[in-house]
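Open the model in your viewer and keep the selection tool at hand.

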Amino acid sequence: MTTHSLLILPGDGIGPEVMTEVRKVIDWFQTNKGIQFDVSEDLVGGAAYDKHGVPLADETMQKAQEVDAVLLGAVGGPAYDNLDFSVKPERGLLRLRKEMDLFANLRPAQCFDALADFSSLKREIVAGLDILIVRELTSGVYFGEPRGIHSDDNNPQNEGGRVGINTQRYTSGEIRRVARAAFELAKKRGNRVCSMEKANVMESGILWREEVQWVHDNEYPEVELSHMYADNGAMQLVRRPNQFDVIVTDNLFGDILSDAAAMLTGSLGMLPSASLGAPMANGRPKAMYEPVHGSAPDITGQGKANPIACILSFAMALRYSYDLGAEADLLEKAIEKVLADGVRTADLMGPDGGTPVSTSQMGDKIVEALSAL
Ligand code: NAD
């Protein structure tokens, strides 16, 4: 029987609290579905700094390279705010992303019916929403050279005499690998990819469009592909978001579009994410899963943290790292049921009332719902 390896890095603040609830879900799948997980746990962020003097020990980095998937809680907190930049908790996270070469960032925007009224848009526009934004994470204008702020003294027309430069640069290989990731993901969902760029005004956008089309025509002709200018994409996301399945876009547009899409669904405590790299020997991508939220020091230790973002991150691992799509669906259905029953952590308490529960009670309710489905 296949054993699925998982490295858990709870991190700081509410990270360990929400991870305890993920453990309950993992135990449920092991006991009730006979799925074998080989779970190990280690330190990251401030917790790693306290023990090792660095936010990620070399041995932990090595383990992360060897497992099927990494699940991270959150890092950071006031106790570490004044540390030297090189050992700040976030450096642990960045080291993982860099050394695992996680070039595709996945941000789902999924609206649970019971929470549709939390959205900034009308219920009828967001109900049933389930889209996935794939953002290229390691190249583009945030990394391109030349960059900098220079003096522009020889230009008398320039009041202030300075010029700021960033370069949008993509190689065909960088575009093809993130396009492949998007097509692979679409095959596990609605089988549709919409690629967004600004091919009308940017050469890098023309290359983006041509290369995504090339990957489609040569490797994924069975997946439906469309192209859209990113500004129109932004409009369509708030006008009729349900028209999309998977959106693939570059680092800059993806940064903006994924934040906009996140707000379609309401609370920060509900948002999972994943970062994927190149396929490993088993054909599955290197992967790290993490909730979008941070370590929430304002509510740490009070039993107020919503564990759903972290549990949904684990659901993404089930789907994309372990090829357990049916189990991921089941877990998402259990969460949907709990929310439909009015069970709410403090961050989800709205005008409709509901039963306020603690972090731990929310985990228990989700496990109960798994058994009931
Ligand atoms: P945050 O996401 O930690 O918190 C923002 C607000 O949302 C807070 O009011 C918090 O209580 C609430 N919140 C967040 N997650 C919640 C959850 N699961 N359930 C209920 N409420 C939740 O962002 P911040 O306050 O800007 O940052 C706090 C610390 O986290 C800082 O040290 C920051 O650097 C770090 N941080 C880490 C990550 C990461 O690990 N990926 C991401 C963002 C911030």
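This tour of a predicted model says what to select at each stop and what is there.

Next, select valine 75, where a polar backbone atom is 2.9 Å from an oxygen atom of the ligand. On glutamate 90, a polar side-chain atom lies 3.2 Å from a ligand oxygen. Then go to histidine 293: a polar atom of its side chain is 3.3 Å from a nitrogen atom of the ligand. On its own the ligand has 810 Å² of accessible area, and the protein covers 67% of that.

Return to alanine 296, in the loop between β12 (285-291) and α10. Its phi is near 45°, positive in a residue other than glycine. Most residues other than glycine have a negative phi.

Now select helix α10, residues 308-320. At 1.5 Å a residue, its 13 residues should span 18 Å, and the end C-alpha atoms are 18 Å apart, so the two agree. Of the 13 residues of α10, 13 are buried, so the rest of the structure largely encloses this helix.

Move on to aspartate 323, in the loop between α10 and α11 (325-340). Aspartate 323 has a positive phi of about 60° and is partly exposed, at 46% relative accessible area.

Last, select glutamate 145 and proline 146, joined by a cis peptide bond with omega about 0°. Proline 146 is in the loop between β5 (130-136) and β6 (148-151).

How values were computed: Residues numbered from 1 in each chain as written. Predicted model: local features only at pLDDT ≥ 70, side-chain atom pairs only at ≥ 80, totals over all residues. Heavy atoms only, no water. Polar contact = N/O pair within 3.5 Å; in protein donor to acceptor, adjacent residues only side chain to side chain. Areas by Shrake-Rupley, 256 points an atom, 1.4 Å probe, with all protein chains shown as cover. Helix = DSSP H or I, 4+ residues; strand = E, 2+ residues; numbered from the N terminus. Expected span 1.5 Å × (residues − 1). Buried < 20%, exposed > 50% of the residue type's maximum accessible area, 1.4 Å probe, protein only.
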